[in-house]
Amino acid sequence: PGMDLITPTSVAGSGVTVSGGEVSFSAATAVSINGCFTTTYDAYTIVTQLAQSGDSTISLRMRAAGSDASGANYDTQLTLNAATTITNARTTGATSGYFGYASSDHFSTINMHSPALAAITYYFSNVVYGPAINSVIVAGRHTPTTAYDGFTFLPGSGNLTGKLCVYGLRKS
């Protein structure tokens, strides 16, 4: 077992580029990644380092053939630990799923299962963001049994600057 760096077939969004498997973006209002999920892997890890121009949640949408899946099929459970306050939020039937929260800096790992299979896609993200030490844990799913080849990150406000890499988790 191990991880293989995946190079997306293409990216979309103003200020979004890909080089050697690393996707970089600057002042992007959407970061879309195409052709990173295949049936070669059942599970993936997405590693992000980013900054957002406004304090807000960051949403995730699954993507197939260059188009976002924006139907009301996303369910998430979010636990936010900001300073000394813990907040829980649950959404069902939303048009995108939360994956985290960001401000001036953000680091996260997102573990995703079955995105390229004709099955429900599940994901779990761990986020640390600042400038204070805050954290977010998100469990989510996208319920259509459709095979997807990519995803889009959307800031709740402002724009995103940073980088990400997608890794396929080897079965053996």
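Visitor: Which backbone oxygen lies 3.0 Å from a polar atom of the side chain of Arg-61?

Guide: The backbone oxygen of Thr-95. The distance of 3.0 Å meets the cut-off for a polar contact, a pair of N or O atoms within 3.5 Å; within protein, one must be able to donate a hydrogen and the other to accept it, and residues adjacent in sequence count only if both atoms are side-chain atoms. This is a predicted model, where local features need pLDDT of at least 70, side-chain atom pairs count only at pLDDT 80 or more, and totals for chains, interfaces and linings use all residues. Residues are numbered from 1 along each chain as its sequence is written, and side-chain values use heavy atoms, with hydrogens and water left out.

Visitor: What makes Arg-61 a buried residue that has no salt bridge?

Guide: Arg-61 belongs to strand E7, residues 56-64; strands (E, at least two residues) and helices (H or I, at least four) are DSSP runs, numbered from the N terminus. Arg-61 is buried, where buried means under 20% relative accessible area, exposed over 50%, and partly exposed in between (1.4 Å probe, protein chains only). Asp-68 is its nearest side chain of opposite charge, at 4.2 Å; Lys and Arg count as positive, Asp and Glu as negative, and His and the chain ends are not counted. Asp-68 is still in contact with Arg-61, as are Thr-95 and Phe-151, among others; contact means heavy atoms within 4.5 Å.

Visitor: How do you know that Asp-68 and Arg-63 meet in a salt bridge?

Guide: Their N to O distance is 2.6 Å, which is within the limit. Arg-63, at 7%, is buried, whereas Asp-68, at 26%, is partly exposed.

Visitor: Why is the pair of Asp-4 and Arg-170 said to tie together parts that are 166 residues apart in sequence?

Guide: The salt bridge itself rests on N and O atoms 2.9 Å apart. Asp-4 lies in strand E1 (residues 3-6) and Arg-170 in the segment after strand E16 (160-169), so the two parts it joins are 166 residues apart in sequence. Asp-4, at 21%, is partly exposed, and Arg-170, at 36%, is partly exposed too.

Visitor: Why is Lys-171 called exposed?

Guide: Its relative accessible area is 53%, and the cut-off is over 50%, so the word applies. Lys-171 forms a salt bridge with Asp-42 at 3.6 Å, N to O. That pair links the segment after E16 to the loop between strand E5 (31-34) and strand E6 (43-52), 129 residues apart. The whole structure has 4 salt bridges.

Visitor: What makes the pair of Phe-99 and Phe-153 stacked?

Guide: Rings of Phe, Tyr and Trp (its six-membered ring) pair if their centres lie within 6.5 Å; planes under 30 degrees apart are stacked, over 60 edge-to-face, the rest tilted. There are 5 aromatic pairs in the structure. Tyr-41 and Tyr-44 are edge-to-face, at 5.7 Å and 70°. The centres of Phe-99 and Phe-153 are 4.3 Å apart and their planes at 25°, so this pair is stacked. Phe-99 is in strand E11 (residues 97-102) and Phe-153 in strand E15 (residues 150-155), parts 54 residues apart in sequence.

Visitor: Which residues form one aromatic cluster?

Guide: Phe-37, Tyr-41, Tyr-44, Phe-99, Phe-151 and Phe-153.

How values were computed
Lists of a residue's contacts leave out its neighbours within four places in sequence.
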